[in-house]
Amino acid sequence: MPSSTSAAKIALIESQGGRCHFVAESSQVYAEAERLAEETGGHYLDQFTNAERATDWRGNNNIAESIFEQMREEAHPIPEWIVVGAGTGGTSATIGRFIRYRRYATRLCVVDPENSAFFPSYAQGRRDVVTGMSSRIEGIGRPRVEPSFLPDVVDRMVAVPDAASIAAAQHVSAVLGRRVGPSTGTNLWGAFGLLAEMIADGRSGSVVTLLADSGDRYADTYFCDEWLTSQGLDPVGVGRVRWSNSSGRGAGLIVGSAGEGPVGGQKQPQRGQGEESQVDGGSQAQSFRASILDYAATAVSLHNATDNSHPSRGVA
């Protein structure tokens, strides 16, 4: 693993009997893992090649099927968008294939951090893009285009600045009362941008993303002001979004709805908590819309300033 991996994550692996072998850059993990397997009589899993074929993407309780199962009781059970990041590319490949296999109208948006090859590869229509740099957002973003990343099942990609990912992670951690990691922040930045577009267009629907990682292991990095300063990251300067908590929270899901206010003034089940909470559909709906539109202005300004585009493709 890269030597920049968080100390808490390393400790967790070692507590389970694992031994961590470090490389200076993430681009070195492939050859080094293969070498170690050869020398020790082990097996090189090659997860970056095999991730897209590790599960049956047609169903059998994979992550895509689970999303649609959890969405069945929502006001908009078929999402307008599903938003995920890409590490190996396996998650986006499974979801994108499943959507097309089931002929859902849902579109797939993949969000990508700085220094990652996926976004420029998608924008340029090339698989040979190499950045030569490691992603600062653990768990997503790669210096090369991994074999498991399948661009033909992706409808849109969004490049997310690292400071924006961290700002979103810190904000939603405060909203949920539990820490989420930076790749969850990347997902949320993309998801709320799409919600803002839907509201601006007057469209109703749902946008689904994943709580991809816990933030508990990042106390000394993404939630540490000194570390952020040392990395030249200023999440406060991004302009943190003050959106209302408008979601029905499922296990591992944040579901946002556009066009009808947070929840239409009705009780929404907090799955995983076994209880219901009453949400006022009036003032909170207005606050939610204002916050999302405020977010959109911030996101557009930031993306324009950093010259990030949002390439889209037709459905394959």
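The side chain of Arg102 meets that of Glu65 in a salt bridge, at 3.8 Å from N to O, where a salt bridge requires a side-chain nitrogen of Lys or Arg within 4 Å of a carboxyl oxygen of Asp or Glu. Glu65 counts as partly exposed, because its relative accessibility is 26%.

This is a predicted model, in which local features need pLDDT of at least 70 and side-chain atom pairs count only at pLDDT 80 or more, while totals for chains, interfaces and linings use all residues. Residues are numbered from 1 along each chain as its sequence is written, and side-chain values use heavy atoms, with hydrogens and water left out.

## Other salt bridges

The structure holds 18 salt bridges, including one between Glu69 and Arg72 at 2.9 Å from N to O. Glu69 is partly exposed at a relative accessible area of 45%, while Arg72, at 53%, is exposed. Another joins Arg203 and Asp201 at 3.6 Å, and salt bridges link Glu80, Arg107, Asp201 and Arg203 in a network.

## Aromatic pairs

Eight aromatic pairs are found in a search of the whole structure; rings of Phe, Tyr and Trp (its six-membered ring) pair if their centres lie within 6.5 Å, and planes under 30 degrees apart count as stacked, over 60 as edge-to-face and the rest as tilted. The pair of Phe68 and Phe98 is tilted, because the planes stand at 40°, with the ring centres 5.8 Å apart. This pair links Phe68 in helix H4 (residues 63–70) with Phe98 in helix H5 (residues 90–101), 30 residues apart, and both Phe68 and Phe98 are buried. Ring pairs also bring Tyr104 into a cluster with Phe68 and Phe98.

Tyr218 and Tyr222 form an edge-to-face pair, with 5.1 Å from centre to centre and 75° between the planes. Tyr218 counts as buried at 1% relative accessibility, and Tyr222 counts as buried at 4%.

Notes: Helix = DSSP H or I, 4+ residues; strand = E, 2+ residues; numbered from the N terminus. Buried < 20%, exposed > 50% of the residue type's maximum accessible area, 1.4 Å probe, protein only.
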